[in-house]
Amino acid sequence: MDCIEFNGKINAYLKDELTDEELNEFLLHLRSCPKCNEELEINYIVSEGIERLDRKKADYNLSAAYEKAKDDSRRYIAGRKSMIRLSYVVGTVMFWMLGITVFVFFRILILGS
Ligand SMILES: [Zn+2]
């Protein structure tokens, strides 16, 4: 993902509308690009600030909230990645169990009991 693409996805990120894959690439770019980090922080503070004003919580530390939001996104993606790894492991185990079941089935069939 480049800076132009990143900028195009800021709104979707703030609205929590990115797919897991998009979010992953978004965070990877964010980590390596201070310019985009700054851009996102400004957008985050503006949009959160307006929202919190509506809820009369304007005294909040928005920079800290921004850092927390990024941490939450990273944790979410890390969680998704370990879920994907886990489902791969489970899939592999199920594949072998099925294979063993088929093997045992045919052994019994051929040996007669
Ligand atoms: Zn960038």
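In this predicted model, Leu-62 counts as partly exposed, with 17 C-beta neighbours inside 10 Å. Leu-62 lies in helix α4, which covers residues 62-111. Beyond the neighbours within four places in sequence, Leu-62 is in contact with Ile-45, Glu-48 and Gly-49. Gly-91 lies 29 residues from Leu-62 in sequence. The C-alpha atoms of Leu-62 and Gly-91 are 43 Å apart in space.

The contacts of Leu-62 belong to the packing of α3 on α4. The axes of α3 and α4 are 10 Å apart and meet at an angle of about 110 degrees. That value falls in the range of 65 to 115 degrees, so α3 is roughly perpendicular to α4. The crossing of α3 over α4 is right-handed. On the α3 side, the contact residues are Glu-41, Tyr-44, Ile-45, Glu-48 and Gly-49. They meet Leu-62, Ala-65, Tyr-66 and Ala-69 of α4. By class, the contact of α3 with α4 comprises six nonpolar residues, one polar and two charged. Residues three or four places apart in an α-helix point the same way, because there are 3.6 residues a turn.

Helix α3 spans residues 34-54 and includes Lys-35. Along the chain, Lys-35 and Glu-5 are 30 residues apart.

The crossing of α2 and α4 is left-handed. From α2, Asp-20, Leu-23, Asn-24 and Leu-27 take part. Their partners in α4 are Ser-73, Arg-74, Ile-77 and Arg-80. The contact of α2 with α4 holds three nonpolar, two polar and three charged residues.

A further contact joins α1 and α2. The angle between α1 and α2 is about 120 degrees, with the axes 11 Å apart. That makes α1 oblique to α2. The crossing of α1 and α2 is left-handed. Helix α1 contributes Phe-6, Lys-9 and Tyr-13, and α2 contributes Glu-22, Phe-26 and His-29. Three nonpolar, one polar and two charged residues form the contact of α1 with α2.

The length of α1 was checked against its residue count. Helix α1 runs over residues 3-14, twelve residues in total. At 1.5 Å a residue, α1 should span 16 Å. The end C-alpha atoms of α1 are 16 Å apart, which agrees with that expectation.

The backbone after α1 was examined next. Asp-16 follows α1 and is found in the loop between α1 and α2. The phi of Asp-16 is near 65 degrees, a positive value in a residue other than glycine. Most residues other than glycine have a negative phi. Asp-16 counts as exposed, because 10 C-beta neighbours lie inside 10 Å and the cut-off for exposure is 12 or fewer.

Definitions and conventions:
Residues are numbered from 1 along each chain as its sequence is written. This is a predicted model: local features need pLDDT of at least 70, side-chain atom pairs count only at pLDDT 80 or more; totals for chains, interfaces and linings use all residues. Helices (H or I, at least four residues) and strands (E, at least two) are DSSP runs, numbered from the N terminus. The expected span of a helix is 1.5 Å times one less than its number of residues. Axes are lines fitted to C-alpha atoms, for helices over the stretch in contact, and angles run from 0 to 180 degrees between N-to-C directions. A crossing is left-handed if the near helix is turned anticlockwise from the far one by less than a right angle, and right-handed if clockwise. Two residues are in contact if their C-beta atoms, placed from the backbone, lie within 7 Å. Ala, Val, Leu, Ile, Met, Phe, Trp, Tyr, Cys and Pro count as nonpolar, Asp, Glu, Lys and Arg as charged, and the others, Gly among them, as polar. Angles under 35 degrees count as roughly parallel, over 145 as roughly antiparallel, 65 to 115 as roughly perpendicular and the rest as oblique. A residue is buried if 20 or more other C-beta atoms lie within 10 Å of its own, exposed if 12 or fewer, and partly exposed in between; C-beta atoms are placed from the backbone.
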